[in-house]
Every structure is written in C-alpha cells, then in structure tokens.
Amino acid sequence: MKSIGAERGKRFSNPDKDFQHDEMKMYAKLYKMCGLQSTKDNDVNIAQGQCVGGSTVINNAIWLRANLKEVLPVWAKAGAHIPEQELIDNYEFIEKKLNVSPILPHETNKTAEIFLTACKKMNIPAEYLSHNRKECLGCGWCNYGCRYNRKTSMLITFIPWAEAKGAHIADQVQHVVITKKDGIANGVSFIRDNKPYLVRADKVVVCAGAIGSTDVLLQSGINPNGQAGKGFHLLGGIFVNAEYPEPLDSYDGIGLNCIAHASKEYLIETFILLQEYFRSQ
Ligand code: SF4
C-alpha cells in the first residue's frame with residue numbers, strides 16, 4: 001500500500017541554510033499568509049505554519065496531553081467515540097518517539113525561576129512544561145524553525161520515517177479536492193507546478209489543521225449536516241508583559257518553559273520576547 005501526502009507549503013530540507021535567525025524573513029517563509037492570518041474582523045491573529053511539517057516546524061515544542069476526562073464525553077456527544085485506553089497508548093508511543101520529557105532548568109533563563117517562585121507565593125500550582133526536543137541548545141529560535149534539528153518536529157521525525165517506508169510527500173500543492181464515488185472518498189486531486197494530479201486512494205485522511213481541513217472539506221463538497229467549520233476551537237492567548245528591575249534576557253534559552261494552573265478556564269505560561277524588536281529599540 002502506498003501513501004501520498006499533499007502539503008500546501010514548501011519543504012525545507014537544509015535547516016542550517018533555510019532556518020535563519022531572522023524573524024521577519026522566517027514569518028514570510030514558514031507561516032501561513034506570512035504570519036498575517038487573522039479572523040474576519042482582524043481582531044485575532046492566528047499563527048499557523050505553512051510548510052512540510054506544518055506548525056510543528058514553528059511551534060515551541062511544548063507537549064500537553066488533552067484532559068481526556070473532559071474532552072472525550074464532548075467528542076462522543078459530537079459523534080466521535082474514541083477509546084480512552086487506545087488514545088493513552090498512542091500518546092505514550094508518540095511521546096517516546098519524539099523524546100518528550102520535562103524542560104530542564106539549565107535549558108531556560110531567569111524567567112522560569114521568577115515565575116515559579118511567584119506562583120508558589122500566590123499558591124498557584126505551577127511547574128516546568130514538557131517538550132519534544134533532544135539535546136536542545138536553548139537558542140530560543142523555535143518559532144522560526146530549528147536550524148540545529150533539536151526540535152523533534154514532523155519534518156525530521158514522522159515524515160522521513162514514513163518516507164523510508166515508501167510514503168511520498170508532494171509539497172506546494174494547490175486546489176486540493178477529495179474525489180468521491182457514490183458518496184465515498186476515493187482519491188485526491190490537486191495542482192502542482194501548474195500540472196493537475198489525481199491520486200486514487202482507499203483511504204483519505206484530512207489533517208490540515210482546524211482551518212485548512214475545513215477548507216479542504218468544503219472545497220470538496222463534504223459538509224455532513226452542515227457541520228464543517230462549526231464549533232471551531234483554537235488555542236487562544238493574550239500576552240501580558242511585566243517590567244522587572246534587572247535584565248532577564250528571556251530570549252536566551254527556552255522562553256516558553258513553565259505553566260501555571262491558575263484556573264479551570266485558563267493557564268498562564270511564560271513566553272519569549274521578540275529579540276529583533278527589542279534590539280532595535
Ligand atoms: S531552542 Fe532548542 S529546539 Fe528551539 S531552535 Fe534552539 S536549539 Fe532548536
């Protein structure tokens with residue numbers, strides 16, 4: 001059985017050359033809409049990767065499991081019945097493969113210690129996050145692609161592993177449409193290098209993220225019960241800055257390093273300051 005993956009973005013195979021320590025250039029290169037994707041009213045910016053490996057190439061390599069006790073009943077209500085133990089087994093399998101482990105203090109900067117001390121004083125449970133990196137150098141440039149291959153993104157793990165087993169990845173594809181016969185998906189058509197392609201398949205897996213997947217489904221005329229694109233959820237965040245009497249150099253080391261369980265509704269995480277922006281001030 002052959003597998004073919006179709007990706008809208010480009011493939012970057014030379015990390016040292018392709019992933020530069022330059023925020024503006026990397027936004028344009030690796031992010032969907034050059035990092036300017038937003039809601040219709042432009043009130044909320046939605047950052048997503050657009051490249052082979054997707055957002056795992058530009059994320060902070062933070063690893064959190066879903067709260068299964070909370071989400072499984074919600075998913076079941078929506079018609080997706082996922083066996084809990086099977087999901088846990090798969091979490092464990094992937095965590096092992098991606099080298100998931102707690103972030104170590106020496107990989108961070110002073111912000112972690114200050115954050116954890118403050119949380120303790122306020123009786124807010126907090127800890128170091130877990131991440132999927134291996135021998136991280138703590139350069140802090142994860143959001144622009146890891147040029148040292150220390151982040152176990154899909155680009156350097158499951159994608160090449162699948163290719164070694166015969167899978168094929170087509171990058172820079174456009175106009176992806178799922179073809180159907182008698183209402184059953186039987187392939188995918190797309191345009192690449194101005195040429196049309198049609199791939200016949202027994203199974204079609206849509207995994208283009210919440211926004212891209214909806215787009216593919218709607219473009220393919222697949223909208224069961226009018227639900228495609230409804231009930232959209234995303235990880236929302238608000239940046240809160242604080243001034244500290246002494247320099248913390250939060251860009252130096254892993255910046256997103258700790259998490260505080262402040263309430264049932266939200267979490268607090270440390271974050272990274274834009275290096276180029278602050279250097280230019
Ligand atoms: S902080 Fe670590 S994982 Fe992130 S870009 Fe630097 S070396 Fe890579």
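**Cavities, core and strands**

Analyst: Let's begin with the second largest cavity: its lining residues divide into five nonpolar, three polar and one charged. Here Ala, Val, Leu, Ile, Met, Phe, Trp, Tyr, Cys and Pro count as nonpolar, Asp, Glu, Lys and Arg as charged, and the others, Gly among them, as polar. This is a predicted model, where local features need pLDDT of at least 70, side-chain atom pairs count only at pLDDT 80 or more, and totals for chains, interfaces and linings use all residues. Residues are numbered from 1 along each chain as its sequence is written, and side-chain values use heavy atoms, with hydrogens and water left out.

User: Which residues line the second largest cavity?

Analyst: Phe-19, Val-57, Gly-145, Cys-146, Asn-149, Lys-151, Ser-153, Leu-155 and Ile-156. A cavity is a set of points, on a 1 Å grid over the protein atoms alone, where a 1.4 Å probe fits but cannot get out; lining residues have an atom within 4 Å of a point.

User: How much space lies in it?

Analyst: About 60 Å³. A volume is the space filled by probe spheres set on the points, and grid points are joined across faces, edges and corners.

User: And the largest cavity: how much space, and which residues lie nearest its centre?

Analyst: About 90 Å³. The lining has 13 residues, and Cys-136, Cys-139, Cys-142, Cys-146 and Arg-150 lie nearest the centre. That lining divides into eight nonpolar, two polar and three charged residues.

User: New topic. Which residues have the most contacts inside the largest nonpolar core?

Analyst: Phe-19, Leu-30 and Val-57, in a core of 13 residues. A nonpolar core is a set of buried Ala, Val, Leu, Ile, Met, Phe, Trp, Tyr and Cys residues joined through side-chain atoms within 4.5 Å. Buried means under 20% relative accessible area (1.4 Å probe, protein chains only).

User: What is Leu-30 in contact with?

Analyst: Leaving aside neighbours within four places in sequence, its contacts (heavy atoms within 4.5 Å) include Phe-12, Phe-19, Val-57, Ile-58 and Tyr-144.

User: Now strands. How do strand 8 and strand 9 run, parallel or antiparallel?

Analyst: Antiparallel, with six bridges joining strand 8 (residues 184-192) to strand 9 (residues 195-200). Strands are DSSP runs (E, at least two residues), numbered from the N terminus. Two strands pair if DSSP finds at least two bridges between them. Val-188 has Val-199 in strand 9 as its bridge partner.

User: What about the open sheet: in what order are its strands?

Analyst: The order is 2-5-3, with antiparallel pairing. Strand 2 (62-63) and strand 3 (100-102) are the edge strands, each pairing on one side only.

Notes:
Buried < 20%, exposed > 50% of the residue type's maximum accessible area, 1.4 Å probe, protein only. Helix = DSSP H or I, 4+ residues; strand = E, 2+ residues; numbered from the N terminus. 1 Å grid on protein atoms, 1.4 Å probe; cavity = no way out; pocket = protein on both sides within 12 Å on 5 of 7 lines; lining within 4 Å.
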